Amino acid sequence: MAGNKFFNRNIISIRDFTVDDFTYLFDLTDKIQTLSSSERGEIAKGLILGYVFYEYSTRTRLSFESAMASIGGRSLGISDIDSSSIMKGESYADTVKTISLYSDVVLIRHPSDGSSRYASEISDKPVINGGSGSEEHPTQAMLDIYTIFKEKKKINGLTVGIIGDLKYGRTVYSLIYALSLYDVNIHLVSPATLKIRNESIYDISNKVKMFNHTELTDDLLKKLDVIYVTRIQKERFPDLQEYKKIQGLYTIDESILKRSKSDVSILHPLPRVDEISTSIDNTMNAVYFKQASYGKELRAALLSALLHEEPF
Ligand code: NCD
């Protein structure tokens with residue numbers, strides 16, 4: 001497809017992209033799913049995705065690996081830093097440099113904000129941010145917006161609730177930055193201790209209508225077209241006692257669904273702990289596993305566009 005702005009590009013912050021970029025990527029994601037597996041398997045033949053995960057991951061790493069395999073490429077990397085030379089004291093810079101020697105595109109997850117930007121300065125291959133501290137997770141936001149678009153057939157005009165750990169949840173920031181490019185209302189729901197970091201959103205707060213809440217009231221539930229639920233980021237909590245106080249505060253269950261719009265879509269980047277009751281998993285409203293499966297398709301499209309000027 002013509003107009004590829006992703007070719008050879010670093011995917012560090014969702015802020016580096018426009019609505020046109022998203023539209024291009026979503027069209028490409030739709031299109032890649034119409035290719036036969038042999039056509040698809042030609043796209044990245046002979047190319048390698050290299051990764052290093054300094055933090056746990058299930059979906060991000062596996063969906064990228066599955067995506068790369070589906071377009072005929074291969075993946076190699078470090079998902080358990082205990083088995084790598086990082087344990088011998090090798091620096092982050094040397095580790096990134098080494099991965100980039102052996103691969104065509106580099107995927108990184110690291111607990112520090114700014115870690116992916118720094119990696120992109122070291123690597124001579126494009127770097128994808130697979131999660132940098134509590135700062136950003138851009139490919140998650142791309143697939144979140146794609147999922148909303150698939151469910152609602154539009155983004156403009158929607159009212160989106162984002163619930164849970166808004167302070168430390170990196171997917172929240174990438175999602176808000178992406179949504180701020182559209183005409184949406186955003187309702188942020190969290191305990192006071194986990195409120196959004198205002199210093200991270202001050203520049204978009206006049207571009208998008210955002211409202212803060214501490215409770216998921218019936219009035220609010222009736223307005224929401226999408227409820228994006230997040231896990232409390234226990235590992236980023238300075239004090240476990242504080243974590244225990246707020247654990248399980250806004251569990252999404254049948255009673256919440258009954259009080260919501262009948263067609264509300266429930267999203268979650270996953271993993272969930274106790275924020276969504278498994279009893280609603282089989283309802284039409286539960287979109288989180290579909291969202292995870294879109295992750296593979298969107299990442300396959302993204303890798304194709306990163307690796308080739310004319311993706312397929
Ligand atoms: C998220 C992450 O790592 O930020 N997971 C994911 O990539 N889908 C969300 C989380 O860990 O809560």
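**Parallel sheet and ligand site**

Five strands form an open sheet in the order 7-6-5-8-9, and their pairing is parallel. The edges are strand 7 (209–213) and strand 9 (265–267), each of which pairs on one side only. From one strand to the next, the twist averages 20°. The model is predicted.

Strand 5 (residues 159–163) pairs with strand 8 (residues 226–229). Four bridges join these two strands in the parallel sense. Within this pair, Val160 of strand 5 stands opposite Val226 in strand 8. Helix 7 (residues 170–179) packs on the sheet. Helix 7 touches strand 5, strand 6 (185–189), strand 7 and strand 8. The direction of helix 7 makes about 165° with that of strand 5.

The ligand site was examined next. Around the ligand are Thr60, Arg109, His137, Gln140, Arg170, Thr171, Arg231, Gln233, Pro269, Leu270 and Pro271. Among them, Arg170 and Thr171 also belong to helix 7 (residues 170–179).

On its own, the ligand has 310 Å² of accessible area, and the protein covers 94% of it.

Notes:
Residues are numbered from 1 along each chain as its sequence is written. This is a predicted model: local features need pLDDT of at least 70, side-chain atom pairs count only at pLDDT 80 or more; totals for chains, interfaces and linings use all residues. Side-chain values use heavy atoms; hydrogens and water are left out. Two strands pair if DSSP finds at least two bridges between them. Axes are lines fitted to C-alpha atoms, for helices over the stretch in contact, and angles run from 0 to 180 degrees between N-to-C directions. Contact means heavy atoms within 4.5 Å. A residue is near a molecule or strand if one of its heavy atoms lies within 4 Å of it. Accessible areas come from the Shrake-Rupley method with a 1.4 Å probe; for residues, only the protein chains shown count as cover.
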